[in-house]
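Please consult the sequence and the model alongside the text.

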Amino acid sequence: MSVVTDSPVHSSSSDDFIAFLDAELDASSPDSSPDKEVEKQDDDELESVRIKRRKFESIEETEGSTSEGIIKQSLEASMEVDICTHPGSFGNMCIRCGQKLDGESGVTFGYIHKGLRLHDEEISRLRNTDMKSLLCRKKLYLVLDLDHTLLNSTHLAHLTSEESHLLNQTDSLRDVSKGSLFKLEHMNMMTKLRPFVRPFLKEASEMFEMYIYTMGDRPYALEMAKLLDPQGEYFNAKVISRDDGTQKHQKGLDVVLGQESAVLILDDTEHAWMKHKDNLILMERYHFFGSSCRQFGFNCKSLAELKSDENETDGALAKILKVLKQVHCMFFDKQEDFDDRDVRQVLSLVRREVLSGCVIIFSRIVHGAIPSLRKMAEQMGATCLTEIDPSVTHVVATDAGTEKCRWAVKEKKFVVHPLWIEAANYFWQKQPEENFILKKKQ
């Protein structure tokens, strides 16, 4: 294999790594059998890696894409230095010199290749290299959650009697690109793709290098990736599961080979990204199945039970795609040097436009809920006051009979339910007040 000629021109660091490691480190030689592999001695393994390294060193230098450089640099960097810095390990051997290493250090990138670990300096170098490649193509990174963001899954045993009609409406697994409802017998599951997800992924892929990151296990993550990306156009090796994370019950960008300043995240769960809230676009949850509603404590019928679904052209994904386009446009707008740009700052500017000009006062809201509502409103550009003032535009309340609400009616101000703020937060757009008008309790 020639790394120079075989490496995909516009692939990411992780795609390059898996291609190289599969071919050069994980592949058995033609005359070796499984039994012989087991019987290999440590010295033979070490010599094999060194032979492969010498083979790699003999590759002629040619001008190619950044992705080619990532692979070549990862194993060739510092060749002139007598002492290898051991940028990472594969199993217990250095990925550069093949030396056997004691102990484990660095970050595990098992989703790229089983047993691969990279040290912080190497991760930083790869990110910098990949970043330059992406910026030249005017692309950023997008990390996508699965459940309740792009799709909804349930165990077959959890289907309600009112959802049983779905069993006769599933789409063929032979050509998943034409379907949206799938029965996965081998997993005893049913999965419904969110409306507009395929156009969303196609358009987003033109602006972003995309990762999947789910708290589901790896077999589930890979199965969902096949449904979303049957041709392997969007994600390839970039499928991260809970098995790949470095913190329990948390997601982190430490296992993503992208600069944090260029990463956007779509997820329905804010507390999963405690260290990266500034990168997060919070999604409205997709509850197609009844089990999903019950999981989050909703005592209501599911979309499946109502024989309904989200709007294809005006649903959550369609609205968020507009936000992504706006952020992408602002990031690359009228500037040649993008090195100092930070997508988190751009995202904050876009968010602050949502309720810009709104002056809000709260009335009869559960005390514990006010701080989060206030923070949410202020992040969207609203001004929040504690006392009645002529500048107030909206009174947010749960009871229309309060003194502040009566004042608002008299002064022809809006009186809305707190859901008005939450809806604006999900859709990144000020919502029509008439849809959230608060009626006086009888």
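The model is predicted, so local features need pLDDT of at least 70 and side-chain atom pairs count only at pLDDT 80 or more, while totals for chains, interfaces and linings use all residues. Residues are numbered from 1 along each chain as its sequence is written, and side-chain values use heavy atoms, with hydrogens and water left out.

**Helix packing**

Helices (DSSP H or I, at least four residues) and strands (E, at least two) are runs numbered from the N terminus. Axes are lines fitted to C-alpha atoms, for helices over the stretch in contact, and angles run from 0 to 180 degrees between N-to-C directions.

| Helix pair | Angle | Axis separation |
|---|---|---|
| Helix 7 (197-205) and helix 10 (316-331) | about 10° | 10 Å |
| Helix 10 and helix 11 | about 125° | 9 Å |
| Helix 12 (370-379) and helix 14 (419-427) | about 45° | 10 Å |

Angles under 35 degrees count as roughly parallel, over 145 as roughly antiparallel, 65 to 115 as roughly perpendicular and the rest as oblique. Helix 7 and helix 10 are therefore roughly parallel to each other. Their contact (heavy atoms within 4.5 Å) brings Val197, Phe200, Glu203 and Ala204 of helix 7 against Leu317, Leu321, Leu324 and Lys325 of helix 10. This contact of helix 7 with helix 10 comprises six nonpolar, no polar and two charged residues. In these classes, Ala, Val, Leu, Ile, Met, Phe, Trp, Tyr, Cys and Pro count as nonpolar, Asp, Glu, Lys and Arg as charged, and the others, Gly among them, as polar.

Helix 10 also packs against helix 11, at an angle of about 125°, which makes helix 10 oblique to helix 11. Helix 10 passes helix 11 in a right-handed crossing; a crossing is right-handed if the near helix is turned clockwise from the far one by less than a right angle, and left-handed if anticlockwise. Here Val323, Gln326, Val327, Met330 and Phe331 of helix 10 meet Val343, Val346, Leu347, Leu349 and Val350 of helix 11.

The crossing of helix 12 past helix 14 is left-handed. Leu373, Met376 and Ala377 of helix 12 are in contact with Ile421, Glu422 and Asn425 of helix 14, giving four nonpolar, one polar and one charged residues.

**Pockets**

On a 1 Å grid over the protein atoms alone, a pocket is an open set of points where a 1.4 Å probe fits, with protein on both sides within 12 Å along at least five of seven lines; lining residues have an atom within 4 Å of a point. Grid points are joined across faces, edges and corners, and a volume is the space filled by probe spheres set on the points.

The largest pocket holds about 710 Å³ of space. It is lined by 28 residues, with Glu270, Leu282, Met376, Gln379 and Asn425 closest to its centre. Strand 12 (280-282), helix 11 (343-352), helix 12 and helix 14 each supply at least two lining residues. The lining of the largest pocket contains twelve nonpolar, six polar and ten charged residues.

The second largest pocket holds about 600 Å³. Among its 28 lining residues, Asp147, His148, Met215, Gly216 and Gln295 lie nearest its centre. Strand 6 (151-155) and helix 9 (290-295) each supply at least two residues of this lining, and strand 6 gives the largest share, four residues. The lining of the second largest pocket divides into six nonpolar, 14 polar and eight charged residues.

**Backbone geometry**

Most residues other than glycine have a negative phi. Asn236 has a positive phi of about 50° and is found in the loop between helix 8 (218-228) and strand 10 (239-240). His249, with a positive phi of about 65°, is found in the loop between strand 10 and strand 11 (263-267).
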